[in-house]
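Please look over the sequence and the structure before reading on.

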Amino acid sequence: MAATRSIGDGDVLIVVDIQNDFCPDGALAVPHGDDVVPIVNRLAREFSNVVLTQDWHPPGHLSFASSHRGRSPYETIIAPYGPQVLWPDHCVQGTSGAAFHESLDIPHAGLVVRKGIDRAIDSYSALYENDRTTPTGLAGYLRERGMRRLFLAGLAFDFCVRYSAEDAMREGFTVFVIEDACRGIDVDGSVAATHAMFAALRIPCIASEALAES
Ligand SMILES: [Zn+2]
């Protein structure tokens, strides 16, 4: 195993939005989203540092198509902070849809970051809300704890994983995306756009096998 892939104290696994609503039969199902659960469970055992993110919206959230008269899911609107894709109602605070998948088994996770909690702004990224300027506080947490390399897994590859990776790189962290531990939703070519963006930013997509215990 390459030395750079040996997992240590400065490394953290960020597990993005593995919640019922993003899994099959959920309100905003990512195709085969639940396939990542056993992969992520296995990966998490390699890390002493794990952070979970949880999409966590109040009712009537701006990202819901139902909040905009005459609008349908997957249309894009111009919000005060820029373009915003509209989604079916999902991950409403306290609902079973917002709960983590029941088979997600990472009891040693040290932090759960809830995002999208402000009714008037969405948050794909675990580090910044969709205005790209309002921090969630995660970058500060990671820095204070001495974590420098972020390994990202979860849902959806082309939205919350993508924006988390971009923001983490922008914040000066070293970033890897564990591609087989992600699944995409693919709205208007968003999976291809994500691959192109990762290539442009030199964010490597790696396989979970590369992190198997040496
Ligand atoms: Zn959401």
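## Pocket, cavity, core and zinc site

The lining of the largest pocket divides into nine nonpolar, six polar and five charged residues, where Ala, Val, Leu, Ile, Met, Phe, Trp, Tyr, Cys and Pro count as nonpolar, Asp, Glu, Lys and Arg as charged, and the others, Gly among them, as polar. The model is a predicted one, in which local features need pLDDT of at least 70 and side-chain atom pairs count only at pLDDT 80 or more, while totals for chains, interfaces and linings use all residues. Residues are numbered from 1 along each chain as its sequence is written, and side-chain values use heavy atoms, with hydrogens and water left out.

On a 1 Å grid over the protein atoms alone, a cavity is a set of points where a 1.4 Å probe fits but cannot get out, whereas a pocket is an open set with protein on both sides within 12 Å along at least five of seven lines; lining residues have an atom within 4 Å of a point. Grid points are joined across faces, edges and corners, and a volume is the space filled by probe spheres set on the points.

| Largest pocket | about 370 Å³ | Pro83, Val85, Tyr124, Phe159 and Tyr163 |

The lining of the largest cavity has 10 nonpolar, two polar and two charged residues.

Buried here means under 20% relative accessible area, exposed over 50%, and partly exposed in between (1.4 Å probe, protein chains only). Seven of the nine residues of H1 are buried, Val40 among them.

The zinc ion has as protein donors Asp55 (OD), His57 (NE2) and His90 (NE2), at 1.9 to 2.1 Å; donors are N, O and S atoms within 2.8 Å of the metal (3.2 Å for Na, K and Ca), and, water not being among the atoms, sites may look incomplete. Because His57 lies in the loop between strand S2 (50-55) and strand S3 (76-79), and His90 in the loop between strand S4 (82-85) and strand S5 (111-115), the pair ties together parts that are 33 residues apart in sequence. Both His57 and His90 are buried.

Definitions and conventions. Helices (H or I, at least four residues) and strands (E, at least two) are DSSP runs, numbered from the N terminus.
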